[in-house]
Amino acid sequence: MDDGAVQAGALSLAVCPTDGKHDIRYLGAAGGLFKWLPGDKKWEQVMQTADPTPIPIPGAVWDVWLEGQDCNKVYAAALENGLWSVTVTSNKNEVERLDEEEDEIPPVGSVVIRNNLLFAGTDGGVRLYDLNDDEWRPATTVTELITRQSMAGDRVYVAAWTFGVKYHDACGQNQCNNWQELPAPTNLAYVRDVLGSAEGDPNDPAFWAVAATSAGVTYWNGTTWTQPDEDDGPQPNGDTYALAQTTDGATIFAAVEGSGIWTSADKGQTWTRLGEFNYLTRDLTVAGNVLYAVTPNDGVWQWLLQEATP
């Protein structure tokens, strides 16, 4: 995708589909936040306005979220270097740090937004930022280290490293502490990412969840976590870094160290390897009919979902 303009240390990608050729793309990397310039075929660093010279958003950006009708609002999570918002205008970027020292917010590594609430996944749990009031709400009851978050309808899922999976559907009048949880997968201590259904509880036949762990992909079978059965053929049982799904939710993708990208059409029960992609992949993103794979050293790659070859 980036035509040789590889940005070293790439970690995360957010894409706003337009016409397929000029999609808005923001990349989080070890050196900050970058925007793809299709005309120049390069990644340009997003800078803070400062006198006398602009300076970059500091540190490594582990997650990027796009918001707004034209995706003109960008949120970048840079752990101890801050949670940043970028408002894109016609002639400049308005950059603001949302977590000031007095807020006492742990390092932020992931972001999702539901209505007026920004869910910040931190080293010390989930924290909420009210985008209407521009202020942090009191800490939630989720206090574990959060590696990634995802959205399914209005449901927010969080991967809680050694503690399993939690999800949240709606806030009460003045609090958002009504979280539900799935236990940590047995012998699969490290949960890196999670996807799941928009409705239902864990005992509901329609409920599903898939987790990326340090020992491979695992899925919720109605009562517990289960790894795919290798009697059905090779399965993604290596260290899994990221998950993604198509817009309609019919297909799930997993990035597995050592064996590339895998795809499942049955909510994680069986998997098929997608092509011969062998690069270490830190993030997967689906936008429109394109699957993007973010590698730290070998660029950003595309797979056209409507075709059988990359």
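Which residues lie nearest the centre of the second largest pocket? They are Trp62, Gly109, Thr147, Arg148 and Arg192, out of 15 lining residues. The model is predicted, so local features need pLDDT of at least 70 and side-chain atom pairs count only at pLDDT 80 or more, while totals for chains, interfaces and linings use all residues. Residues are numbered from 1 along each chain as its sequence is written, and side-chain values use heavy atoms, with hydrogens and water left out.

**Pockets**

A pocket is found on a 1 Å grid over the protein atoms alone, as an open set of points where a 1.4 Å probe fits, with protein on both sides within 12 Å along at least five of seven lines; lining residues have an atom within 4 Å of a point. Points are joined across faces, edges and corners, and the volume is the space filled by probe spheres set on them. Ala, Val, Leu, Ile, Met, Phe, Trp, Tyr, Cys and Pro count as nonpolar, Asp, Glu, Lys and Arg as charged, and the others, Gly among them, as polar.

The largest pocket has a volume of about 1,000 Å³. Its lining has 35 residues, and Trp65, Ser150, Met151, Thr285 and Val286 lie nearest the centre. Two or more lining residues come from each of E1, E7, strand E11 (108-114), strand E15 (148-152), strand E19 (191-196), strand E23 (240-245) and strand E27 (283-287). Strands (E, at least two residues) are DSSP runs numbered from the N terminus. By class, this lining divides into 19 nonpolar, ten polar and six charged residues.

The second largest pocket holds about 400 Å³ of space. Its lining comprises seven nonpolar, three polar and five charged residues.

**Nonpolar core**

A nonpolar core is a set of buried Ala, Val, Leu, Ile, Met, Phe, Trp, Tyr and Cys residues joined through side-chain atoms within 4.5 Å. Buried means under 20% relative accessible area, exposed over 50%, and partly exposed in between (1.4 Å probe, protein chains only). The largest core has 16 residues, of which Tyr26, Leu33, Val61, Val64, Leu66, Val74 and Val86 touch the most other members. The elements that give two or more residues to this core are strand E1 (10-16), strand E7 (63-67), strand E8 (73-77) and strand E9 (83-88). E9 gives the most, with three residues.

Leaving out residues up to four places away in sequence, Val74 is in contact (heavy atoms within 4.5 Å) with Tyr26, Leu33, Val64, Trp65, Leu66, Trp84, Ser85, Val86 and Val88.

**Disulfides**

The structure holds two disulfides, each a pair of cysteine sulfur atoms within 2.5 Å.

| Pair | S to S distance | Angle about the S-S bond |
|---|---|---|
| Cys16 and Cys71 | 2.1 Å | 75° |
| Cys171 and Cys176 | 1.8 Å | 110° |

The link of Cys16 and Cys71 is right-handed. Because Cys16 lies in strand E1 and Cys71 in the loop between E7 and E8, the pair ties together parts that are 55 residues apart in sequence. Cys16 and Cys71 are both buried.

The link of Cys171 and Cys176 is right-handed too. Cys171 counts as partly exposed at 28% relative accessibility, whereas Cys176 is buried at 5%. With the bonded cysteines numbered in sequence order, the pairing is 1-2, 3-4.

**Thr224**

Thr224 is in the loop between strand E21 (216-220) and strand E22 (225-226). Its relative accessible area is 35%, so Thr224 is partly exposed. Thr224 and Ala184 are 40 residues apart in sequence, with 9.3 Å between their C-alpha atoms.

Methods:
Helix = DSSP H or I, 4+ residues; strand = E, 2+ residues; numbered from the N terminus.
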